[in-house]
Amino acid sequence: MKRLVLSLFTVMTVMIALGQNAVSWTFRLVGDGTENPRVEATATIAPGYHLYAIDNPAGGSNPLEFFFDVKGCKVVGQPKANKQYTKEFDEDFEVDQHFYSGSVTFTQALKPTAKDYTVNVEVKGQACNDAGCTRVFGSKELKGTAPAAAAAEAAAEEQNSEVQAIAEMTDSLQANTPALLPGVNTSGVEVDQSWWDNVEAEFKVFEDNPDQQGRSLLYIFIAGFIGGLIALVTPCVWPMIPMTVSFFLKQNKSKSKSVATAAVYGASIIVIYVVLGLVVTMLFGASALNELATSALFNIIFFLLLVVFAISFMGGFELTLPSSWTNKMDSKVDSTTGMLSVFFMAFTLVLVSFSCTGPIIGTLLVEAAATSNFISPAVGMFGFALALALPFTLFAMFPTMLKSMPKSGGWMNTVKVVLGFLELALALKFLSVADLAYGWRILDREVFVSLWIVIFALLGVYLLGKITFPHDDKVEKTGVTRFLLACISFAFAVYMLPGLWGAPLKSISAFSPPMSTQDFSLYEGEVAAQVDDFEEGMKLGKQLGKPVLIDFSGYGCVNCRKMEAAVWTDPEVKATIDNDYVLVTLMVDEKKALPEPIVVTESDGQKRTLRTYGDKWSFLQRSKFGANAQPFHVIVDNDGHVMAPAFVYKEDIPAYKHFLQTGKDNYSKEKK
């Protein structure tokens, strides 16, 4: 496995090197200090290579793409090449390919809107020669200044265009997005730009507006703590407990000193893992974690990663760190004294136990990234390390408890294999997120449920000893514990069977795709949105004379699925939503492209380009309601003003009924 990883790394390095050698990019700002500056991007193409044009036909090689993130200016038109591309029929692709050779310069016109402006330009494309193709890229930040008079004039124009930005956004889909409620014609209802106005201050009229962040962090901490408890009973950690504690007791004459040493040992474990969580945060950053939660690429990587972990737990191979790392830590233990040597002992445990703890830590970090909270990895690692460190301190305080510890044996490998089955089931969740966000429809709900039924049925067969893996001992007799666990696994598989025909399956709603992806369903208790577009929902609410319930959700939102299964399926809640509200569900991770990108201004003054429907709904949630977490339910009247405090994740049916009733009552009072 180590060789495979190194080989993949080498291949990736070579591909990157080839991409860099095939085409080199230079960027410069021309006309700085004038009213009409421009960016020039020059590609120097290596002999024998072809760089494909911006308008290369579909079905051919990847076309060239330019991305401009601007501040204090705006782009005018599209990049233009200084020469005509070569057009040639490609027998492999069976299309005409458009490409450049030698060198080519692309010019992008700019219009300053401030005295100082910045342009971040990025270009991606593909270059090929007779031996193969490689991805090419280049980027640079350029800064410039504009004449004062020109900047003032452009700023005035920009202000006028900002007034029209929301209008463009609201008009973008009217022609293509019909109302989703049969029999109701909203064509005569005009879109009101004030629907997008910020209403954060209106929440203050109501009582609490609870925050989901604490709940997410608590969930991650508990998940980490449970992961640490599971790691304790793996073959890499369990045998280390009596050995390490006995070493502390023998090394120190007094019990108090032994306890202090064990406490430092446990604290060192916690520090090491928390630092690991902080490193993950530093590498990805706060904003990137939300992208990780919804990005198809990263969700597919997570899926493959968990499959690899599952195969490792089942005995296919072992994930091991280089032995030189462990040897170096051992030498540090021998060469240092006092509490520093205890810290290096803890580091040695972390390295030695990696083959068992690595998959658990990896799964935990993946889950932490999916919460979109930048401190989640550190919180998860704290919970994991706390559970892992506690036994060393407790057994040092009460050494007689060591005698009651179960002996090491084959049961620990059984724990690893069971974890492998669970990793395999969890992996499907991440593949499902990518599938939903991009609309591939390869893992609809019935397919997902079918795979889970098979996985847990096979887990039951394994627990009965009918399936064995490479490191398993032969099961001659099935123990009571294994038999009971097998019964639970079989029962869970049977419980999921009705889900193939549309049963809600509330216990797995957080993991499975939503009911709307089920091709055949006999279930009639589902709450479905009448509209999946904000403006159409507002128009429909005005036409019907009903308040609008906006559900900010996401395909990768676990808590959204829980709310839908645990709260919306209540008969009274469903009846109230269906009869008294217009329900609008907006997926903030929807990857479908907008007809045209829209440039908007965030609350901090930064410009941002909205390219997908998910971008649009996420911007609506931030700019209008000042929130960024999902699920986020808010009730508004026909002018876009809030009628009740926002409702975030809480599986509380009475509280949700009160939320709906408050919205109805306030809407009725307003009408009177």
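Two strands are taken as paired if DSSP finds at least two bridges between them; helices (H or I, at least four residues) and strands (E, at least two) are DSSP runs, numbered from the N terminus. The structure is a predicted model, in which local features need pLDDT of at least 70 and side-chain atom pairs count only at pLDDT 80 or more, while totals for chains, interfaces and linings use all residues. Residues are numbered from 1 along each chain as its sequence is written, and side-chain values use heavy atoms, with hydrogens and water left out.

Strand β15 (residues 632–636) and β16 pair in the antiparallel sense over 2 bridges, and His633 stands opposite Phe647 in β16. Both strands belong to an open sheet of 4 strands with the order β12-β11-β15-β16 and mixed pairing. Its edges are formed by β12 and β16 (647–648); each has a single partner strand, so one side of each is left without a neighbour in the sheet.

Helix α16 (residues 558–566) lies across β11 (548–553), β12, β15 and β16, and runs at about 135° to β11. Helix α19 (residues 653–671) packs on the sheet and touches β11, β15 and β16, its direction making about 25° with that of β15. Contact here means heavy atoms within 4.5 Å. Axes are lines fitted to C-alpha atoms, for helices over the stretch in contact, and angles run from 0 to 180 degrees between N-to-C directions.

Val582 is located in strand β12 (residues 582–587). With a relative accessible area of 0%, Val582 is buried, where buried means under 20% relative accessible area, exposed over 50%, and partly exposed in between (1.4 Å probe, protein chains only). Beyond its neighbours within four places in sequence, Val582 is in contact with residues including Gln530, Gly537, Leu540, Leu544, Pro547 and Leu549.

Strand β1 and strand β2 (residues 38–45) pair in the antiparallel sense over 8 bridges, with Val23 opposite Ile45 in β2.

Leu232 lies in helix α3 (residues 213–232) and is buried, its relative accessible area being 7%. Leu232 and Leu388 are 156 residues apart along the chain, and their C-alpha atoms are separated by 6.2 Å.

With a disulfide defined as a pair of cysteine sulfur atoms within 2.5 Å, the count comes to 0 disulfides. Of the cysteines, Cys73 is buried at a relative accessible area of 4%, whereas Cys487 counts as partly exposed at 36% relative accessibility.

Over the whole chain there are 19 helices and 16 strands. Buried residues make up 47% of the 672 residues. Of the contacts in the chain with a separation of 6 or more, 73% are between residues 24 or more positions apart. The accessible surface comes to about 32,500 Å², of which 60% belongs to carbon and sulfur atoms; accessible areas come from the Shrake-Rupley method with a 1.4 Å probe, and for residues only the protein chains shown count as cover.
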